[in-house]
Amino acid sequence: MTDTVTLLADAPKLVEPVAAAPQLILAFLVGIGVIVVLITLVKLHPFLALIFGGLTVGLVAGENLTKVLKSFTDGFGSTAASVGILIALGAMFAKLLADSGGADEIVDTIVGAASPRMLPWAMALVGAIIGLPMFFEIGLVLLMPVIYLVSRRSQQSLITIGIPALAGLSAMHGFVPPHPGPLTAVGLLNADLGITLGLGVLVAIPTIIVAGPLFGRLAGTWVVVDAPDTFDADPQADRAEQRHPSFGITLFSVLLPVALMLGKALADIFIDDEKQWLRQILDALGTPLIALLLAVVVGIFTLGKGAGMSRSAITGCIESSLPPVAGIILIVAAGGGFKQVLVDSGIGTMLARWAEGVHISVLVLAWVLAVLIRLATGSATVATITASSLILGLVEGMSTGQVSLVVLAVGAGSLFFSHVNDAGFWLVNQYFRLTVGQTIKTWSVMETVLSVSGLAVVLILDIFV
């Protein structure tokens, strides 16, 4: 059995329920209800909503306020100290990739080599590669000029070209670390990051194909939209004087942290001797913090210097990457606090015993819980955190690969049917200039196809893992 890589400290021991089952169920439902109402109706920031939700769960369960506060702050601190660092490093690398023109180089190379028939497939590949290191919102903003341009030049519907790119971005956001959702689930469930990353890529590929080029062709017949002339001119024209890093160097930089983390996972599987020098080196380099830190350092030279950026420009680029993700880090950390309140109240223990009694598949249960919370809150991150917290007791005794599949089942559920309470819904609505109905028929249905097909692939992998 391989050593498990954890992003948080050792997983908290499951505790005995602090109250009877009906009271704990009520506490959970009221807590979730508070989060939903505060996010959707009051329009409160999810960071504050999660704090109030955590306090509500503990108090309704009958716990002392001091104990609830300690549970929340312990969970908040451990999550911020681990996952928060990785999110910050990921944001730095993504900004380097964008500002250096490396992302443009990937787009131009792949799209330029594709025939008109293959353009949707090429856009899915572009979305997946750009989505590997970047947050969904950043990737969407970056790709929109290219989506407009490709749509106009190929005279294909904006939906036919855009949906595959969105599928690539969204799948990576939901399935592949170091994105906040899967990264947090890995930490909460004590999963192996390298194995989860490898399995996540395996799940993402077929789901992107189904929800991207295949569904995009169908959606393009439902909703026919021409690209606006906002980016009719070549988007590279304004940067004609800037030198870009080459495609090969850019791809190497993007895949470096992925390769390092996968290398550690493979070393843990195939090299039994923990004192063997090669395993020690791969274990050190594949540690998530080291892998992403190396990616940023290497990116400074391959992307920043490779694009001819000055030292001050690189410094400004890295500094400007952090403010946009500050809110994400706070939400994830508050989610860790909410998780700890759930764990310390014993709700997870109760749910584990109930699931064992009725013999529900852990993978299906994890997916359903994430779907329900996603529909209610509109937040994939909140859905991932909450669902992972509730099934913590169900992964006890599972193999490393099975725990990683549970993480991916949660990730699949967190993508289900994005609608009006999701910020991503409105980003797509505005950039594609769609009505609400058209956005539902394209973006929302695409997310649902992505979620369901992702679960199907996870269940198939479960037969062999």
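A crossing of two helices counts as right-handed if the near helix is turned clockwise from the far one by less than a right angle. Keep that in mind as you look around this model, which is a predicted one.

Let's start with helix α4, residues 102-112, and its partner α5. Two packed helices are described by the angle between their axes and the distance between the axes. Here the angle is about 160 degrees, and the axes of α4 and α5 are 9 Å apart. Angles over 145 degrees count as roughly antiparallel, so that is how α4 and α5 lie to each other. And the handedness? α4 passes α5 in a right-handed crossing. On the α4 side, the contact is made by A103, I106, V107, I110 and V111, while α5 brings L119, A122, M123, L125, V126, I129 and I130. Sort the residues of this contact by class and you get twelve nonpolar ones, with no polar and no charged residues.

Now stay with α5, which spans residues 119-131, and look across to α9, residues 193-222. The axes of α5 and α9 come within 9 Å and cross at roughly 135 degrees. The two helices are therefore oblique to each other. Their crossing is right-handed. From α5, the residues in contact are P120, W121, A124 and A128, and they meet I208, I209, P213 and L214 of α9. This contact has eight nonpolar residues and, again, no polar and no charged ones.

How many cavities of 30 Å³ or more does the structure hold? There are four, and the largest cavity has about 80 Å³ of space. Its lining is made up of G90, F93, L132, P133, P178, V254, P257, V258 and L292. Two elements, α3 (65-99) and α10 (247-270), each give two or more residues to that lining, and α10 gives the most, with three. By class, the lining of this cavity has eight nonpolar residues, one polar and no charged.

Finally, turn to the largest pocket, with about 680 Å³ of space. It is lined by 33 residues, and the closest to its centre are E137, G378, S379, D422 and A423. Several helices give two or more residues to the lining, among them α1 (21-40), α6 (136-154), α16 (362-377) and α20 (436-464). The largest share, five residues, comes from α14. This lining has 16 nonpolar residues, twelve polar and five charged.

Conventions: Residues numbered from 1 in each chain as written. Predicted model: local features only at pLDDT ≥ 70, side-chain atom pairs only at ≥ 80, totals over all residues. Heavy atoms only, no water. Axes fitted to C-alpha atoms, helices over the stretch in contact; angles between N-to-C directions. Helix = DSSP H or I, 4+ residues; strand = E, 2+ residues; numbered from the N terminus. Parallel < 35°, antiparallel > 145°, perpendicular 65-115°, else oblique. Contact = heavy atoms within 4.5 Å. Nonpolar A, V, L, I, M, F, W, Y, C, P; charged D, E, K, R; others polar. 1 Å grid on protein atoms, 1.4 Å probe; cavity = no way out; pocket = protein on both sides within 12 Å on 5 of 7 lines; lining within 4 Å. Points joined across faces, edges and corners; volume = space filled by probe spheres on them.
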